[in-house]
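Q: I have a sequence and a model to look at. Can you walk me through how to read them?

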Amino acid sequence: MPLATFPLGPIETNSYVLHTNEDAVVVDVGGDPAPIIEYLNLHSLTLKAILITHLHFDHLYGVSELISACHCKAYTPAGDAPIANTEASLGGIWGFPLVPPFTGEPISPGETVFAGMQTQVLLTPGHTPGSLSYYFPGEGLVFTGDALFYRSVGRTDFPMGNGTQLISAIREQLFTLPDETRVYPGHGPETRIGDEKVHNPVCGSFCS
Ligand SMILES: [Zn+2]
């Protein structure tokens, strides 16, 4: 199960390439996708889908360019539609650039297959109203966007954020995955479900 991580863009958003011997998915595209395209070419991979965890601008900067380069669809959380045309999604605030526009294919929670890999699309809202996590049970890993981080959780002070909802979603949707599941968040280092259940200072087992 090869996985490559590319921290891209103005706040080093983790963009991930998960692939088999032939096909790949990319999770979030935080900046210029040139290193991703180079990696795909180097390994002779066909990009089958771009999976977006949530519609915040720092996860979207390179989506348009990657769609053009690889001719694949970008799947965007259906539940984030309320923030799709706001500054949170479009960028252009706090000195950050605007996001090049693209058309996403709305995706809802459920089971599906991407690049030949079983995928469970999990609803983990709170950071945004429709944030998704993408769990690949066969690979034993989950992409959590800005819901769950190493020893932290996503901010909930943005428009339509909800802290109570976020903690519930992490406990019900993520902490119920196998302990050994590797967690790949939208920012910062990877971790494991079992470690966060014990050590996470916001939603770990010692928090009420
Ligand atoms: Zn975010």
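Q: What covers the buried residues of helix 4?

A: First, note that this is a predicted model. The cover of those buried residues includes strand 8 (117-123), strand 9 (132-136) and strand 10 (141-145). It also includes strand 11 (148-149), strand 12 (152-153) and helix 5 (193-199).

Q: Which residues of helix 4 are buried?

A: Start with the general idea. An α-helix has 3.6 residues a turn, so residues three or four places apart point the same way. Now the case here. Leu166, Ala169, Ile170, Gln173 and Leu174 are buried in helix 4. Viewed down the helix axis, these buried residues fall within an arc of 105 degrees, so they line one face of helix 4. Thr164 and Glu172 are exposed on the other side.

Q: How many residues does helix 4 have, and what span does it reach?

A: Helix 4 covers residues 163-174, which is 12 residues. From first C-alpha to last it reaches 16 Å, close to the 16 Å expected at 1.5 Å a residue.

Q: Which residues have the most contacts inside the largest nonpolar core?

A: The general idea comes first. In soluble globular proteins, nonpolar side chains tend to be buried together. In this model, the largest nonpolar core has 56 residues. Ala24, Val25, Val26, Ile50 and Leu51 have the most contacts inside it.

Q: What does Ile50 touch, leaving out residues up to four places away in sequence?

A: Ile50 touches Val26, Val29, Val63, Leu66, Ile67, Cys72, Ala74 and Tyr75. Ala74 also stands opposite Ile50, in strand 5.

Q: How do strand 4 and strand 5 run, parallel or antiparallel?

A: Strand 4 (residues 46-51) and strand 5 run parallel, joined by 3 bridges. Between them the chain passes through helix 2 (residues 63-70), and this β-α-β crossover is right-handed.

Q: Is strand 5 mostly covered or mostly open, and what else pairs with it?

A: Strand 5 (residues 73-77) is mostly covered, with 4 of its 5 residues buried. It also pairs with strand 6 (residues 105-107) in the parallel sense, over 3 bridges. There, Pro77 stands opposite Ile107 of strand 6.

Q: Where does the model show an antiparallel pair?

A: Look at strand 7 (residues 110-114) and strand 8, which run antiparallel and are joined by 5 bridges. Gly110 has Val121 of strand 8 as its bridge partner.

Q: Which residue takes a positive phi in the hairpin of strand 7 and strand 8?

A: Ala115 does, with phi near 50 degrees. This hairpin has 2 residues between the strands.

Definitions and conventions:
Residues are numbered from 1 along each chain as its sequence is written. This is a predicted model: local features need pLDDT of at least 70, side-chain atom pairs count only at pLDDT 80 or more; totals for chains, interfaces and linings use all residues. A nonpolar core is a set of buried Ala, Val, Leu, Ile, Met, Phe, Trp, Tyr and Cys residues joined through C-beta atoms within 7 Å. A residue is buried if 20 or more other C-beta atoms lie within 10 Å of its own, exposed if 12 or fewer, and partly exposed in between; C-beta atoms are placed from the backbone. Two residues are in contact if their C-beta atoms, placed from the backbone, lie within 7 Å. The expected span of a helix is 1.5 Å times one less than its number of residues. The arc is that of the directions from the helix axis to the C-beta atoms. Two strands pair if DSSP finds at least two bridges between them. A crossover is right-handed if, with the strands pointing away from the viewer, the path from the first strand over the helix to the second runs clockwise.
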